[in-house]
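Trainee: I would like a close look at one helix pair. Please take me through the packing step by step.

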Amino acid sequence: MSRKKKEKDVIIEKEYRKKLIKRRKPNRSVGGDIALYLFLLLVAFIMFFPIIFAVSNALKPLDELFRFPPKILAQNPTLDNFSDLFVTMGKSWVTFSRYLFNTVFITAVGTAGHLIIASMAAFVLAKYEFPGGQAFFKLVTIAMMFTGYVTAIPNYLIINKLGWVDTYWAIIIPAFASPMGLFLMKQFMEGLPMSLIEAAKIDGASEWRVFRVIIMPNVKPAWMTLIIFSVQGLWNNRASTFIYSEAKKTLVFAMQQIQSGGIARTGQGAAVLVVLMIVPIAIFIFSESQILETMASSGLKD
């Protein structure tokens, strides 16, 4: 009797799987699939076209840059624009390496601090209840509604009062408190089951060990996405509002000064655009799968 019951259960399970596969299979014809892929290719080309055009412009000689109507691809590609750019940067009394160091230092420290502070704060807000926790998170959510232009004057007054004007900290410290990172990490951590934390504590793990060994590896897609947003924001920050010394200015500011040098520097300006795009695009490409996983998992709850 038990054998027949097992066989019946197996048959029922097979039938259920067949129905599930049929339900998941999209009801599209071959023509519909082709049309869908053609549409996706068109959207991909539209989104990728600005990058193609920017790289092509950077490889064009001056006569092609001023040609009308403009050509999408360079007819006689050359690297003269890049060589001219580095020659111009070499004539500055502040070296190219110094501008690069300033930008890399601000981006690296600001991103690391933002990740650590946002992750620790999100862990507490997501997994523990304490007086004022909900009110604090609502305040963070409201802060996301205000752009940097709205808070520019208060930020400058505070930073000036603290004596951070014309220092790296005028850019780095505000990056630590960006509400976007805290919101993203908190929403993702809420999807982790509390049983993981409780099991670790039963085994004798401390709060710091739980955070470092259990929480952070399980929310890797979220903090990879946070890194991308933070790097993009800091790498492209001109920092001209707070930093006045030429030796402390960022690479973006120096490049844009060259870019605004007039018609003679049009080719260098096109090369500048490509140089500034390289780092954010490269980080996004290497972390694309993590961003997709963040989007797919953001709505899951325990």
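Trainee: Does α2 pass α14 in a left-handed or a right-handed crossing?

Mentor: The crossing of α2 past α14 is left-handed (near helix turned anticlockwise from the far one by less than a right angle; clockwise is right-handed). This is a predicted model, numbered from 1 along each chain, where local features need pLDDT of at least 70 and side-chain atom pairs 80 or more, while totals for chains, interfaces and linings use all residues. Side-chain values use heavy atoms, without hydrogens or water.

Helix α2 covers residues 30-58, and helix α14 covers residues 266-286 (helices are DSSP runs of H or I, at least four residues, numbered from the N terminus). Their axes lie 8 Å apart, at about 135 degrees (lines fitted to C-alpha atoms over the stretch in contact; angles run 0 to 180 degrees between N-to-C directions).

Now the residues. α2 brings Ile51, Ala54, Val55, Asn57 and Ala58. α14 answers with Ala270, Ala271, Leu273, Val274, Met277 and Ile281 (contact: heavy atoms within 4.5 Å). Ten of these residues are nonpolar, one is polar and none is charged (nonpolar: Ala, Val, Leu, Ile, Met, Phe, Trp, Tyr, Cys, Pro; charged: Asp, Glu, Lys, Arg; polar: the others, Gly among them).

Last, confidence. The chain averages a pLDDT of 80 (the predictor's confidence in each residue, 0 to 100). 84% of the residues score at least 70. Helix α15, residues 288-297, has the lowest mean, 56. Helix α8, residues 169-176, has the highest, 91. Residues 298-302 stay under 50.

Notes: Helix = DSSP H or I, 4+ residues; strand = E, 2+ residues; numbered from the N terminus.
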